Amino acid sequence: MKKLVILGGGYGGLTVAKELLEGDIPADTVMIMVDRMPYQGLKTEYYALAAGTVSEQEVRVHFPVDPRLILKYGEVTAVDPEQKVIRFANDEPLTYDWLVIALGCVDKYHNIPGAEEFSNSIQSLSATRKTYQASNDAAPYGQITIVGGGLSGVEMAAELRESRPDLNIRILDRGASVLSPFPERLQRYVREWMLEHDIELRSHVSLSRLESGLLYNQQEIIQTDITIWTAGIQPSPIVQNLNLPKDNQGRLTINEYHQLPDYNEIYIVGDCAALPFSPSGQAAEAQGKQVAEVLQAVWKNETPRLGKIKLKGVLGSLGKKAGFGLMGKRTVMLGMVPRALKSGVLWMSKRHLG
């Protein structure tokens, strides 16, 4: 039997598996999906779990049950493209004929001393559980500091305000404004929402060191009770350790079929792949669909014909009653409509509807 192994059951890896299950898998091929957890974690919603406004059950999605899909649970430690072998922390190595690497991302700490040790994360379900515990154990009127004013930081701050009206919440960002890549009108709406809800915004903050309860903005010392890190991501350490061509973000360079140029049997999906747009669940799913198309073409000895990936836009929430969206490059949506749309997208995602 030949083996297709998918590393990671997140947005990208799970999409590859679902698309292939809807088509034809060769009779001599077995599909194995590897993940550290027995369910998909909806990573784009971890901020709500960390804030305490949803239960863990609400951010879990069961994997498909199909005799053509073997689920394997374990911690991957390395991939050897030369030997076509995957190594695990506490299990026998696994060989493959085709491999999809969809291992997602981890926090990027920018070599700031103490950043990893003295901050909380929402990049994995395990880390998010700890962040939930820390933020909800904070004493009334305690200070929560969120480092990073991107989408995750903004959603985290807004959700935490809804969960804990008593807390002091601030966002620190290196740029001039939260959501700096977005249009000014959207930035302004979010800034005003934050100020109306007593969330402190501090721009042009460049942290040089973190200690327990202390953040160093060069010579200034900022006191905090809890620090939550949302200031950047980088590919999985498995990808970081591969000595292969990468972009300046550390993501693996791929060809037009999402394959490694030197190892065409390996496909890279999602946050691990060098793509012309920012990492997102939506991008990973779109890429996952194309990888499934390529695999089916390969199995039929056909040349794949792929269209250009077109992303629909970005949706963000400000608690449960307000939100923002950017459709295309210019169409801005503010208020209840984008929040309702995001709820609809989440509902579909939980039911494997895309």
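What follows is a tour of a predicted model, starting at a pocket and moving on to ring contacts.

**Stop 1: the second largest pocket**

Start by selecting Glu45, Val54, Lys320, Arg339 and Leu346, the lining residues that lie nearest the centre of the second largest pocket.

Which helix gives the largest share of the lining? That's helix 8, with 5 residues.

Switch to colouring by residue class, and the lining splits into 7 charged, 5 nonpolar and 1 polar.

**Stop 2: an edge-to-face pair**

Next up, the aromatic pairs: the structure holds 2 of them. Select Trp98 and Trp299 and look at how the rings meet. Their centres are 5.7 Å apart and the planes sit at 75°, over the 60-degree cut-off, so this pair counts as edge-to-face.

Trp98 belongs to strand 9 (residues 98–101) and Trp299 to helix 7 (residues 281–299), so to speak two distant parts of the chain, 201 residues apart.

Buried or exposed: which is Trp98? With a relative accessible area of 12%, Trp98 is buried. Trp299 is buried as well, at 16%; the cut-off for buried is under 20%.

**Stop 3: a tilted pair**

For the other pair, pick Tyr109 and Trp229. Here the ring centres are 5.4 Å apart with the planes at 45°, so the pair is tilted.

This pair also links distant parts of the chain, 120 residues apart. Tyr109 sits in the loop between strand 10 (105–107) and helix 3 (125–137), while Trp229 is in strand 17 (residues 226–229).

Tyr109 is buried, with a relative accessible area of 16%, and Trp229 is buried with a value of 1%.

**Stop 4: charges over rings**

Last, two places where a charged side chain sits over a ring. Select Lys72 together with Phe88: Lys72 lies over the face of Phe88, 4.8 Å from the ring centre.

Then jump to Arg209 and Tyr216. How far is Arg209 from the ring centre of Tyr216? Arg209 lies over the face of that ring, at 3.9 Å from its centre.

Methods:
Residues numbered from 1 in each chain as written. Predicted model: local features only at pLDDT ≥ 70, side-chain atom pairs only at ≥ 80, totals over all residues. Heavy atoms only, no water. 1 Å grid on protein atoms, 1.4 Å probe; cavity = no way out; pocket = protein on both sides within 12 Å on 5 of 7 lines; lining within 4 Å. Helix = DSSP H or I, 4+ residues; strand = E, 2+ residues; numbered from the N terminus. Nonpolar A, V, L, I, M, F, W, Y, C, P; charged D, E, K, R; others polar. Phe/Tyr/Trp six-rings, centres within 6.5 Å; stacked < 30°, edge-to-face > 60°. Buried < 20%, exposed > 50% of the residue type's maximum accessible area, 1.4 Å probe, protein only. Lys NZ or Arg CZ within 6 Å of the ring centre and 35° of its normal.
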